Amino acid sequence: MRLGVLDVGSNTVHLLVVDAHPGARPIPTASNKSVLRLMRYLEPDGSISSEGVQAVLSAVGEAARAAREAGIDELLAFATSAIREAANGEHLLDLVERETGIRLDVLSGEDEARLTFLAVRRWYGWSADRILLFDIGGGSLEIALGGDEVPDVARSLPLGAGRSTIAFLPDDPPSVEQVGRLREHARRIIEGALADFRTHTGPDHVVGSSKTIRSLARLAGWTEDGVGSSGRAMLKLKGLDDWIPRLARIPADARPALPGITADRTFQIVAGAVVLSEAMRAFDVDELDVSPWALREGLILRRLDHLD
C-alpha cells in the first residue's frame, strides 16, 4: 500500500509518502515540507497567534494536495508538542479538519519517544541489545531506554531546539552568557529525569535521531562503513563541544554554508547542540550512532504491524 505520514511539528509540516507492506522496508516515494517554526507564533498566554494559525492551515492544505497527487491509500496525520501544548490547540485542530479535511492525532511526548524507539530498534536490530535513545525536536527532547521494541522508560522534556532558542537565545548570534544560561537550564531539567532511568540496566548502544542530530553529526561527526551499502554516522561529545562555541559565533543566515546545516534548522541548531551536549554528559555518553529513522518511520512500522 502507499502510505502518507503527515508530521505537523514545532519546526516543519512534513509529508512523507512511502510504498510499504508488512515484512518489508518502507520505500520513500515523495516528500513535501513547509518550514513553520511555530514557536515564533506563541502569544504570552500560550496560544498560537492568528498568523500562526493561518501558517498551519496553509502548510497542511499544501500537504493535503500533495498527498492526493501522490495517490496514497491512507494518511497518518499527527501533531506534536507545539499544538499539544498550545492554549488554543483544540480550536486549531478543529480548524484544520474543517478547512483541509484532515484530522490530526495529537501524540503525547511519551508516545513520540516510544514510536521513535520502535523505529530505531528496527533499524539497528536485536544485536544492538539495550538502546538509549535521544531525539531532539523543535519543542521537546525525548529520551528512551530499553532492550525490546517497547522501551522500559520513555520521557519527554521541554528542551526542544526551537523552544530553547526562543526562551534562551534571543540574539543572533547568541552571547556566551545566553548559551551558558541554556546549558544550566538543560542540565537542571535533564538531571531531574535521571532517577527514572537509574532504576533500569544501562544501555549497550546509544542512538540519536531527528534532523537536528543528523545535522550535527554531519558537522561535527564522521561516517564509518556500515552493514550493506548504508554508512554509519557517528558523533562524539568532544567533537560536538568543540563546535558549539564556533557555531554560536556565526549568524544564523551564514550557518547553511557549513556541512549539514540546512536553512530550516539554522536558527535553532545552536540550542539543539547545547541540549544534546548536556544530555550526553548527564548520561555519561561519549559517542552515539545517528539513526536515519525516527518518529515518522515509527508510525509507519506500527501501522504495518497492525496490518500484519
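Mentor: Welcome! A nonpolar core is a set of buried Ala, Val, Leu, Ile, Met, Phe, Trp, Tyr and Cys residues joined through side-chain atoms within 4.5 Å, where buried means under 20% relative accessible area with a 1.4 Å probe, protein chains only. This model is predicted, with local features needing pLDDT of at least 70 and side-chain atom pairs pLDDT 80 or more, while totals for chains, interfaces and linings use all residues. Residues are numbered from 1 along each chain as its sequence is written, and side-chain values use heavy atoms, leaving out hydrogens and water.

Trainee: How many residues does the largest nonpolar core have?

Mentor: F134, L141, L276, F283 and L288 have the most contacts inside this core. Its total is 46 residues.

Trainee: Which element gives the most to this core?

Mentor: Helices (H or I, at least four residues) and strands (E, at least two) are DSSP runs, numbered from the N terminus. Several supply at least two core residues each, including β6 (131-136) and α6 (176-198). The one giving the most, with nine residues, is α9.

Trainee: Why is the pair of F134 and F283 edge-to-face?

Mentor: Rings of Phe, Tyr and Trp (its six-membered ring) pair if their centres lie within 6.5 Å; planes under 30 degrees apart are stacked, over 60 edge-to-face and the rest tilted. Here the centres are 5.6 Å apart, and the pair is edge-to-face because the planes stand at 65°.

Trainee: Which residues form one aromatic cluster?

Mentor: F197 and F283 also make an edge-to-face pair, as their planes are at 90°. Both are buried. The cluster consists of F134, F197 and F283.

Key:
Buried means under 20% relative accessible area, exposed over 50%, partly exposed in between (1.4 Å probe, protein chains only).
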